[in-house]
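I am opening my notebook to go through one structure and to write down what I look up.

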Amino acid sequence: MKRLSGMKFLAGLGAALALLAFTGCFRDDGGDDIPNSVEPLGKHAANERADSSEWNAYEDAPSGASGMYDTARVPEDPPSQTAPKRGALQAFPSLDIALGTEIAGAVRVVLSDTGSAPGVTRAVRTQSLGSFSSTDTTWYKIDGNGLRLVRVSGKVSYGGDTRYTVFEDGDGDGYLSPAGAGSVVVVRHVTVFASGRRDEHAVRMGAGPDGDFNKAGDNSLHSLGKLSMHALDTLLSLVVRDADGDGVLYNPLRDSNKIGVESKVAGDAGRTDLFYHANVFTDSTRNYAYRYRKVFTGPRGVEETTALGRDSLPDFVPGDSGWVRVRFTSTVASDTLASSWSRYAVRLSSQPGNAAGHRLIQVDREKTFRAGVVSGLRFSLRPGTSVPAGSFARTGSLFARIDLRAGGWAQLEGEAAADISGTVTDSEGRSGVVRIRLDGTVKSASGF
């Protein structure tokens with residue numbers, strides 16, 4: 001028998017291998033005869049595995065509210081015609097100066113009259129220094145019960161901005177001072193800026209057992225609200241409510257205080273609505289949230305994030321096996337993604353407020369698409385070990401399924417590690433083993 005030369009043998013072998021590859025009997029790089037669904041399935045599985053950064057919403061939940069610990073200096077006496085200058089403010093005046101503060105070096109005038117109401121005297125004090133001016137009006141009575149303040153209002157202007165303030169009785173006795181243990185004051189501030197922005201701030205504050213508003217150590221906060229607008233646009237809205245039924249938001253003499261907060265903040269990127277509850281302490285480092293929901297409305301759609309406790313209850317407590325749910329709905333008809341829904345199983349830290357101690361234990365996600373080969377997706381990842389705060393879930397048991405727009409489905413069950421590997425099955429009864437690179441491309445496939 002005539003033997004083939006080396007060159008002819010290699011040429012014949014190459015032709016044979018090419019034929020095998022063409023017929024599908026040999027493939028090592030996702031050959032042409034694997035189902036068309038494998039590539040999009042691999043891409044989606046890799047994309048979903050790459051990011052689970054939103055899982056620790058418990059860390060995002062605020063543990064207090066702006067203004068919870070603020071106090072306001074409440075006037076106790078009407079201005080005198082010749083106010084002593086020893087208590088006058090030496091610093092240069094600003095818009096934040098408390099109403100009625102005596103300003104060193106200011107031009108000062110006090111006028112009084114008794115025509116505003118029977119038995120009531122009205123004293124108007126004006127102060128000016130450069131571009132700063134302050135006017136406050138005090139209504140008071142002097143009778144057999146001594147001197148009692150009824151109401152104080154006024155405004156402070158500086159650099160084109162103006163702040164209006166009102167102090168009114170909040171406990172129903174009709175007087176601001178002298179205060180007693182049950183005294184409550186209502187304080188309202190409205191600041192109008194030259195830029196067109198308008199800020200409003202209202203609080204009800206109790207004087208505490210010492211009966212002195214201006215000794216803040218035992219003062220209680222009964223209500224708090226803030227509003228910021230520019231023209232007709234609401235930039236900020238904040239309302240704080242009592243959540244433990246005692247009628248007080250914050251009492252420094254109690255170990256803890258539960259509050260409910262509704263907040264709306266608008267910015268260039270969109271609007272964020274927050275709804276949360278928090279346990280508030282005198283030592284703010286002990287504060288922690290126990291209920292949280294966020295709705296972000298942006299140019300591409302609406303995303304709602306909710307942190308839940310055991311059995312999907314709205315309140316979460318230390319040590320819970322909780323859930324974080326994130327739902328996105330697109331409002332742009334041209335976007336490929338129509339909606340997504342994610343659920344993250346989380347084991348909460350046993351220490352209150354320790355969001356860094358939470359651990360991610362499971363990821364589930366669903367998506368729908370308006371365009372493209374894939375119309376729907378389901379994805380699950382269960383890490384072999386829990387994932388610490390600040391990290392993603394990228395390894396573990398993986399499941400991914402796509403629904404094809406042309407009809408049918410394909411799914412992958414396997415493991416995510418250095419690669420994604422597992423078994424692919426589809427609606428046509430085909431099955432094979434694949435290995436997917438982390439960029440979603442098919443590294444190898446066999447068995448189809």
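Which ring does the charged end of R343 sit over? I found that it sits over the ring of W323, 3.8 Å from the ring's centre; a charge counts as over a ring if NZ of Lys or CZ of Arg is within 6 Å of the ring centre and within 35 degrees of the ring normal. I also noted K258, which lies over the face of Y290 at 5.3 Å from the ring centre.

Before going on, I wrote down that this is a predicted model, in which local features need pLDDT of at least 70 and side-chain atom pairs count only at pLDDT 80 or more, while totals for chains, interfaces and linings use all residues. Residues are numbered from 1 along each chain as its sequence is written, and side-chain values use heavy atoms, with hydrogens and water left out.

Next I looked up the aromatic pairs, and the structure holds 4 of them.

Last came the backbone. Most residues other than glycine have a negative phi, and most peptide bonds are trans. I found phi of D311 near 60°, a positive value, and phi of S312 is near 60° as well. D311 is exposed, with a relative accessible area of 66%, whereas S312 is partly exposed at 28%. The peptide bond from S177 to P178 is cis, with omega near 5°.

Technical notes: Buried < 20%, exposed > 50% of the residue type's maximum accessible area, 1.4 Å probe, protein only. Phe/Tyr/Trp six-rings, centres within 6.5 Å; stacked < 30°, edge-to-face > 60°.
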